[in-house]
Amino acid sequence: MSVLEVDGLTKRFGGLVAVDDFSLDVEQGEIVGLIGPNGSGKSTVFNCIMSIYDVTEGTIQFNGDAITDDKTHEIVNKGLSRVSQESNPIDLYPVAGNIKLFTLPNSIRSLRGGASDEEIYEYAARIDIEDKLQEMPDELPHADVRRLEIAKALATEPEMLLLDEPFAGMNQAEINELAGQIERFREEGMTIVVVDHNMGGLMNLVDRVVVLNNGEMLAAGSPEEIAENQRVQEAYLAGEGL
Ligand SMILES: Nc1ncnc2c1ncn2[C@@H]1O[C@H](COP(=O)(O)OP(=O)(O)OP(=O)(O)O)[C@@H](O)[C@H]1O
């Protein structure tokens with residue numbers, strides 16, 4: 001069964017068509033890569049799925065449930081979580097407090113309630129930052145700040161994760177490590193869509209690749225098929241190449 005079904009998604013910003021009649025089905029346990037040149041609409045697709053943006057046309061279903069008109073927190077409560085391309089930790093709280101914030105009911109603004117210390121340790125351990133729980137976010141290296149963002153999403157206990165540029169700014173060793181961790185999430189039963197420009201990190205990780213260009217689906221296939229696809233290579237010619 002499809003966990004996520006995006007059907008005929010169109011998003012316009014005034015006269016600009018950022019996403020144009022885009023459809024995507026993701027099966028349980030898949031890791032799908034969503035790639036495309038800068039400005040091709042990848043983040044807009046994620047923002048529409050998460051109801052950060054209103055959808056202009058089309059429908060989105062999660063586990064057979066229409067979520068197109070849901071609020072973001074309702075979607076998260078249903079088990080779909082997104083790690084955005086920007087990190088936004090709260091520097092007043094250590095890593096543990098930042099994770100805990102994501103376990104609190106939406107309206108509460110204190111750190112009372114929410115996950116126990118043991119649960120926070122477990123969320124952090126799933127992405128290997130359990131030894132950084134008492135550190136302040138502004139003292140962490142970039143790769144750990146990104147891991148904290150993933151730990152925050154894990155704290156919402158998602159069934160499916162949308163990862164927006166998880167490898168950005170990481171060195172090769174950090175990319176390999178993170179790819180291994182994402183693979184582990186899949187082994188734990190999670191379904192994942194990854195957007196990234198780092199083709200090495202992405203192509204080794206994903207089962208299937210979907211390519212966006214100017215808001216439209218340009219191609220879909222195995223990483224090998226996509227790497228050899230002439231139209232995909234042409235779309236990237238002005239950019240960074242494959
Ligand atoms: N809030 C917004 N208001 C107006 N235009 C927007 C908005 N968000 C995105 N766009 C436009 O939509 C198009 C797609 O942008 P989007 O950020 O989705 O691309 P992307 O593929 O994620 O790019 P990148 O790889 O650079 O992150 C771009 O032309 C962008 O300028």
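Ser 51 sits in the loop that joins α1 to β4 (57-62); helices (H or I, at least four residues) and strands (E, at least two) are DSSP runs, numbered from the N terminus. The model is a predicted one, in which local features need pLDDT of at least 70, side-chain atom pairs count only at pLDDT 80 or more, and totals for chains, interfaces and linings use all residues. Residues are numbered from 1 along each chain as its sequence is written. Phi of Ser 51 is near 60°, a positive value in a residue other than glycine, and this residue comes just after α1. Ser 51 counts as partly exposed because 19 other C-beta atoms lie within 10 Å; a residue is buried with 20 or more other C-beta atoms within 10 Å of its own, exposed with 12 or fewer, and partly exposed in between, with C-beta atoms placed from the backbone.

A second residue with positive phi is Glu 165, at about 50°, and it is not a glycine either. Glu 165 belongs to the loop between β7 and α6 (172-187). With 20 other C-beta atoms within 10 Å, Glu 165 is buried.

Eight of the eight residues of α1 are buried, so α1 is largely enclosed by the rest of the structure. Among them are Lys 42, Val 45, Phe 46 and Ile 49.

α1 also takes part in the ligand site. The residues around the ligand are Phe 13, Leu 16, Ala 18, Gly 36, Asn 38, Gly 39, Ser 40, Gly 41, Lys 42, Ser 43 and Thr 44, where a residue is near a molecule or strand if its C-beta atom, placed from the backbone, lies within 6 Å of it. At least two residues of this shell come from each of β2 (16-27) and α1 (42-49). α1 gives the most, with three residues. By class the shell has three nonpolar, seven polar and one charged residues; Ala, Val, Leu, Ile, Met, Phe, Trp, Tyr, Cys and Pro count as nonpolar, Asp, Glu, Lys and Arg as charged, and the others, Gly among them, as polar.

The sheet is open and has six strands in the order β6-β7-β8-β3-β9-β10, with mixed pairing; two strands pair if DSSP finds at least two bridges between them. From one strand to the next the twist averages 20°. α1 packs on this sheet and touches β3, β6, β7 (160-164), β8 and β9 (208-213), and its direction makes about 145° with that of β7. Contact requires C-beta atoms, placed from the backbone, within 7 Å, and axes are lines fitted to C-alpha atoms, for helices over the stretch in contact, with angles from 0 to 180 degrees between N-to-C directions.

Within the sheet, β3 (residues 31-35) and β8 (residues 191-195) pair in the parallel sense over four bridges, and Gly 33 has Val 194 as its bridge partner in β8. β7 and β8 are also parallel, over five bridges, with Leu 161 opposite Ile 192 in β8. Five of the five residues of β8 are buried, so β8 is largely enclosed by the rest of the structure. Thr 191, Val 193 and Val 195 point one way from β8, while Ile 192 and Val 194 point the other way.

Definitions and conventions
Two residues are in contact if their C-beta atoms, placed from the backbone, lie within 7 Å.
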